[in-house]
Amino acid sequence: AENHRVPDMNIAIIAFPSDGGKGGGLSLLAGVVPHVTRRGGRVMWIDQFYDSDVGRVAKLRADGAVINQARRPQRWLLRWRDRFLGHPPQSVRELAAFRPDVAIVAVGMHAPEDESSWRLKKAMTDAAKAAGAKIVIQHQYAVAGEWVADCRASGEWLAWQRGADLHQFVSHVTRREIEESFGFSMPGEIIRNNYNVPHGGEWPWPEDDVLRMAFVGRFRIWQKGLDLLLEAAALLAADHPQGWSLELVGGGEFQDRLNAEIS
């Protein structure tokens, strides 16, 4: 955004379920907000904000974003009221009134059976598309080997994916695995995770022969391949007698599990 002209436009970012903005893709999108608003555009950030998101909401508002709190799953009474009266959810109506030029939908590998999340996102993108918006779906991770069958809800889900104007992927591996899972190629691009370390040069190569490695990220074993990393590290004792070290930097729900496995 700093190096390219951002036109005056309305951008809707559909980011739920809330994940505290920890993902690289969401961090990139949050960084776009001040650049768009500074150039006269507007950004609506749609999320299922929770109590832990207070700081995140304050930062987005300070950067000029319009906050739209999508209905939380537990607010079932309001959902049934809208369904009984035939009203679209309030967040969908607010998005349509915002009239975005571009709607960016952040998704993981949502299973078609998990309809509570993707059907609301689909309703939002349908409303945005009806208002003339281009639809961009940002894929943040995939699970290898999870093929999506084109049947029942899956057919509608895949049609929603096919209807996007552009797809963004956080890595080449993510793109390959998602296209294999969906069964079709997708027009899109690779977006790089942001690099927030204030260091512009190269680190000096160590003078000794000790192999030092580090992992930086969330401790989600199945997404990050940490189980394979530990297996590979265990082989280094015989293959690298000069010595080695592996430092895991991050956190998450599997931290205790990793500590137990390492010890």
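User: What makes the charged end of Arg162 count as sitting over the ring of Phe184?

Analyst: The charged end lies 3.8 Å from the ring centre. The rule asks for NZ of Lys or CZ of Arg within 6 Å of the ring centre and within 35 degrees of the ring normal. Arg162 over Phe184 is therefore listed as such a contact. This is a predicted model: local features need pLDDT of at least 70, side-chain atom pairs count only at pLDDT 80 or more, and totals for chains, interfaces and linings use all residues. Residues are numbered from 1 along each chain as its sequence is written, and side-chain values use heavy atoms, without hydrogens or water.

User: Why is the pair of Trp157 and Phe182 called edge-to-face?

Analyst: Their ring centres are 5.2 Å apart and their planes stand at 85°. Rings of Phe, Tyr and Trp (its six-membered ring) pair if their centres lie within 6.5 Å; planes under 30 degrees apart are stacked, over 60 edge-to-face, the rest tilted. At 85°, the pair is therefore edge-to-face. Trp157 is in helix H6 (residues 153–162) and Phe182 in helix H7, 25 residues apart. Together with Phe184, Trp157 and Phe182 form one aromatic cluster.

User: What makes the pair of Phe215 and Phe219 tilted?

Analyst: The planes meet at 35°, with the centres 6.4 Å apart, so the pair is tilted. Phe215 and Phe219 are both buried.

User: How do you know whether Trp157 is buried or exposed?

Analyst: Its relative accessible area is 2%. Buried means under 20%, exposed over 50%, partly exposed in between (1.4 Å probe, protein chains only). Trp157 is therefore buried. Phe182, at 6%, also counts as buried.

User: Why is strand S4 called largely enclosed?

Analyst: Six of the six residues of S4 (residues 102–107) are buried, so the rest of the structure largely encloses the strand. Val102, Ile104 and Ala106 cover one side; Ala103, Val105 and Val107 are on the other. Strands here are DSSP E runs of at least two residues, helices H or I runs of at least four, numbered from the N terminus.

User: How do you know which strands S4 pairs with?

Analyst: Two strands pair if DSSP finds at least two bridges between them. Strand S1 (residues 10–14) is joined to S4 by four bridges, in parallel. Ile13 has Ile104 as its bridge partner in S4. S4 and S5 pair in the parallel sense over six bridges, with Ala106 opposite Gln138 in S5.
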